[in-house]
Amino acid sequence: MDIVAILWQLGVLSAILVFGLKIGLASGLANLSKKALATIVISYGIGVLIITLIASYYSSQITEIMYTYNSGFFLIMAAIMIISGVLTIREWKIHEKKHV
């Protein structure tokens, strides 16, 4: 196995972990019921499994696209994260959400 494949797998695993942690933190702050939380966790797991199965068939094409448009993908992801952070902060300031 070459180093690029290992780094690719570590990148995918870290992305899954980051989004999983974000879901965990968001659900903890939202005071969801256990049933709703279980539904979110199961749907997240099924979604990751489906995306992994689809990606396994097209791994060489996906890798080539990622290498070609790497900076563009990072710019788009950074813009989405910045915009969602600003909107979240604005929402909290407007509605003055306070959790006990």
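The secondary structure of the protein chain comprises four helices and zero strands. Read from the N terminus, its elements follow the order α-α-α-α. The model is a predicted one. Of the 100 residues in the protein chain, 1% are classed as buried. The protein chain exposes about 8700 Å², and carbon and sulfur atoms account for 75% of this area.

The largest pocket contains about 1200 Å³ of space. Its lining consists of 31 residues, and those that lie nearest the centre of the pocket are W8, G11, V12, A15 and M66. At least two lining residues are supplied by each of helix 1 (3–29), helix 2 (34–57), helix 3 (59–68) and helix 4 (70–95). Helix 1 provides the largest share of this lining, with 13 residues. By residue class, the lining of the largest pocket divides into 21 nonpolar residues, nine polar residues and one charged residue.

A nonpolar patch was also identified on the surface. The patch is formed by I3, V4, I6, L7, L10, L13 and Y67, which together have about 680 Å² of accessible area. Helix 1 contributes six residues to the nonpolar patch, the largest share. Helix 1 therefore supplies the largest share both of the pocket lining and of the nonpolar patch, where helices are DSSP runs of at least four residues.

Among the members of the patch is I6, which is located in helix 1. The relative accessible area of I6 is 33%. Because this value lies between the limits of 20% for buried and 50% for exposed residues, I6 is classed as partly exposed.

Technical notes. Residues are numbered from 1 along each chain as its sequence is written. This is a predicted model: local features need pLDDT of at least 70, side-chain atom pairs count only at pLDDT 80 or more; totals for chains, interfaces and linings use all residues. Side-chain values use heavy atoms; hydrogens and water are left out. On a 1 Å grid over the protein atoms alone, a cavity is a set of points where a 1.4 Å probe fits but cannot get out, and a pocket is an open set with protein on both sides within 12 Å along at least five of seven lines; lining residues have an atom within 4 Å of a point. Grid points are joined across faces, edges and corners, and a volume is the space filled by probe spheres set on the points. Ala, Val, Leu, Ile, Met, Phe, Trp, Tyr, Cys and Pro count as nonpolar, Asp, Glu, Lys and Arg as charged, and the others, Gly among them, as polar. Patches are made of residues with over 30% relative accessible area and no salt bridge: like charges are joined within 9 Å, nonpolar side chains (Val, Leu, Ile, Met, Phe, Trp, Tyr) within 5 Å. Accessible areas come from the Shrake-Rupley method with a 1.4 Å probe; for residues, only the protein chains shown count as cover. A salt bridge is a side-chain nitrogen of Lys or Arg within 4 Å of a carboxyl oxygen of Asp or Glu. Buried means under 20% relative accessible area, exposed over 50%, partly exposed in between (1.4 Å probe, protein chains only).
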